[in-house]
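Take a look at the fold below.

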Amino acid sequence: WTDTRRRTFPQNFLFGAASSAYQVEGAWNEDGKGESIWDRFSHEHPEKIADGRNGDVASDSYHLWRRDVEMLRELGVDFYRFSISWPRVLPTGFPSSINEAGFKYYDNLIDELLKYDIQPMVTLYHFDLTQELEDLGGWTNPLSVSWFEDYAKIVFKRYAEKVKFWITINQPNTICMEGYGSDLMAPGVNVKDVGAYECVKNVLLAHAKAYRLYEKEFKKEHEGNVGIGVAVNWFESLDHNNTVNKEAADRARAFEFGIYLHPIFSKEGDFPPIIRTIVDKKSQEQGFKTSRLPKLSYEEIKLLRGSADYLGMNHYTTFLVQHSEEKFESPSVEDDRNTIYTQGPEWTSGKSSWLKSAPYGLYKACVHLNLNYDYPPIIITEHGWSTDKGLGDQSRVNNIRAYLGALLLAMEDGTQVKGYTVWSLLDNVEWTAGTSERFGLYEVDFESETKERTARLSALVYKHIIESRVVEDGWSPSSLKIEITKKKDEKNNNYKGEL
Ligand SMILES: CCCCCCCCCCCCC/C=C/[C@@H](O)[C@@H](N)CO[C@@H]1O[C@H](CO)[C@@H](O)[C@H](O)[C@H]1O
């Protein structure tokens with residue numbers, strides 16, 4: 001960390017910015033869009049949304065997509081990561097009803113991006129299941145695997161020619177542990193004992209089926225890359241001489257991300273042995289006839305193993321882990337994991353309660369992935385920082401610079417990082433935090449009718465990093481005025497998405 005040599009991002013390294021449908025689009029019931037679980041959750045529980053601002057209007061990107069693309073051009077990014085709202089294109093979730101008007105929105109957005117040589121990186125699922133599928137059990141229903149595959153097929157068919165980067169599913173841990181294993185996120189059904197693990201199995205298989213479908217029907221002709229987005233924050237023992245806490249940190253890493261990565265990226269496949277042992281043993285003691293962690297068959301293990309062209313790594317922060325002496329509700333995933341998390345009191349805090357800056361954690365997480373999964377190709381599909389509103393976001397600048405510095409070190413030591421994505425292009429609805437936590441390079445004036453977007457300091461700094469391909473701590477812009485500087489003579493639609 002004291003080695004401050006100037007390091008450079010390679011020419012083929014890709015820089016991008018991200019958003020997701022529910023968080024930015026708004027137009028929650030326009031042009032035939034179906035109801036999503038976030039529409040239902042936020043309407044039935046307005047008290048759960050910190051400042052009352054939900055995704056009904058959000059950043060209004062459904063109407064302001066041209067301005068969004070203009071912002072991406074101002075930044076000079078190589079790609080834009082956004083998600084397709086399943087309920088906007090298939091209002092019930094099933095392929096029996098296709099909403100052409102919904103697809104038209106994505107046609108326009110993708111064409112506008114390509115016109116300016118910005119690659120679309122499409123997430124197929126970012127937390128917004130249709131309510132109709134949720135009423136059938138959502139991701140706890142094994143049929144969700146084929147529901148997702150059917151949806152993926154329609155979207156692949158429509159966009160395979162134009163989209164070279166795909167993320168099947170964003171953050172299975174949030175979907176399953178927070179959406180089904182608690183009531184923190186939609187649908188908030190709180191089935192901590194069995195349902196959360198059923199969800200894990202179904203979400204993983206849905207991902208793998210979509211991956212294999214692309215591999216079989218689209219890969220040869222279109223040469224795109226399909227990955228999965230996993231939250232890989234760093235978890236390490238609070239104290240390194242304490243075996244009990246070191247074992248707790250092993251459990252934390254396995255439960256937080258190993259459970260999703262091991263089946264896809266390890267040589268042997270299947271769930272991590274440490275989780276299998278814990279949940280099987282506890283389930284037996286608790287009187288379950290079979291383990292609460294479902295089995296993966298031989299065929300399922302094979303389907304999953306190797307089912308990603310790259311790992312989409314969402315990394316924000318680090319947690320310090322202790323073994324828990326306190327009793328959790330049992331049976332539950334928390335009880336199975338049995339850990340307590342804290343964070344360094346000296347680490348700088350973001351606006352979100354869970355977000356503190358510890359860039360060394362990104363380096364360590366990369367080393368961990370390299371050792372456990374043999375240097376997988378990685379795209380950082382999310383990293384970001386929350387603030388209050390305001391344009392002078394020096395803390396975001398410091399955070400992005402520090403984490404990019406750590407990333408350069410990890411790359412120098414062999415980590416195969418192909419790209420980096422800031423979360424987020426613009427302020428948006430931060431789920432139950434509403435708009436009280438701002439993650440945008442661009443500020444959105446949520447009070448205005450026009451949802452005015454204005455570049456923050458971080459937007460100018462990120463633009464400079466992309467242009468110079470180095471992280472210069474001393475650089476600052478002469479004003480907050482941002483302009484499009486990267487001129488393209490002609491559009492380049494021949495990009496094949498080489499990793
Ligand atoms: C004083 C000690 C405090 C310790 C607190 C421990 C409590 C642990 C609770 C864990 C809470 C979750 C932590 C991490 C969450 C992130 O990985 C997750 N929010 C990332 O999700 C993506 O992030 C974006 C920003 O939050 C979000 O907008 C996007 O949609 C997500 O894909």
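Strand 1 (residues 14-18) pairs with strand 2 (residues 79-83) in the parallel sense, over three bridges. Two strands pair if DSSP finds at least two bridges between them. Strands (E, at least two residues) and helices (H or I, at least four) are DSSP runs, numbered from the N terminus. In this pair, alanine 17 stands opposite tyrosine 80 of strand 2.

The model is predicted: local features need pLDDT of at least 70, side-chain atom pairs count only at pLDDT 80 or more, and totals for chains, interfaces and linings use all residues. Residues are numbered from 1 along each chain as its sequence is written.

Strand 6 and strand 8 (residues 318-323) pair in the parallel sense over four bridges. Serine 237 stands opposite valine 321 in strand 8.

## Two helix pairs

Two packed helices are described by the angle between their axes and the distance between the axes. Axes are lines fitted to C-alpha atoms, for helices over the stretch in contact, and angles run from 0 to 180 degrees between N-to-C directions.

How do helix 8 and helix 9 pack? Helix 8 (residues 172-180) and helix 9 (residues 195-217) pack at an angle of about 155 degrees, with their axes 9 Å apart. That makes helix 8 roughly antiparallel to helix 9. Angles over 145 degrees count as roughly antiparallel, under 35 as roughly parallel, 65 to 115 as roughly perpendicular and the rest as oblique. Pro172, Ile175, Cys176, Met177 and Tyr180 in helix 8 meet Gly195, Ala196, Cys199, Val200, Val203 and Leu204 in helix 9. Two residues are in contact if their C-beta atoms, placed from the backbone, lie within 7 Å. By class, this contact has ten nonpolar, one polar and no charged residues. Ala, Val, Leu, Ile, Met, Phe, Trp, Tyr, Cys and Pro count as nonpolar, Asp, Glu, Lys and Arg as charged, and the others, Gly among them, as polar.

Helix 3 (61-75) and helix 5 (residues 100-115) pack at an angle of about 5 degrees, with their axes 10 Å apart. Helix 3 and helix 5 are therefore roughly parallel to each other. Tyr62, Trp65, Arg66 and Val69 in helix 3 meet Tyr105, Asn108, Leu109, Glu112 and Leu113 in helix 5. The contact of helix 3 with helix 5 has six nonpolar, one polar and two charged residues.

## Around the ligand

Which residues come nearest to the ligand? Of the 16 residues around the ligand, these are Ala231, Tyr341, Thr342, Gln343 and Trp354. A residue is near a molecule or strand if its C-beta atom, placed from the backbone, lies within 6 Å of it. The shell has six nonpolar, eight polar and two charged residues.

## Backbone exceptions

Most residues other than glycine have a negative phi, and most peptide bonds are trans. Aspartate 60 has a positive phi of about 60 degrees, although it is not a glycine. Aspartate 60 is found in the loop between helix 2 (37-44) and helix 3.

A cis peptide bond joins alanine 186 and proline 187, with omega about 5 degrees. Proline 187 is found in the loop between helix 8 and helix 9. The bond from tryptophan 423 to serine 424 is also cis, with omega near 20 degrees. Serine 424 lies in the loop between strand 11 (417-423) and strand 12 (442-444).
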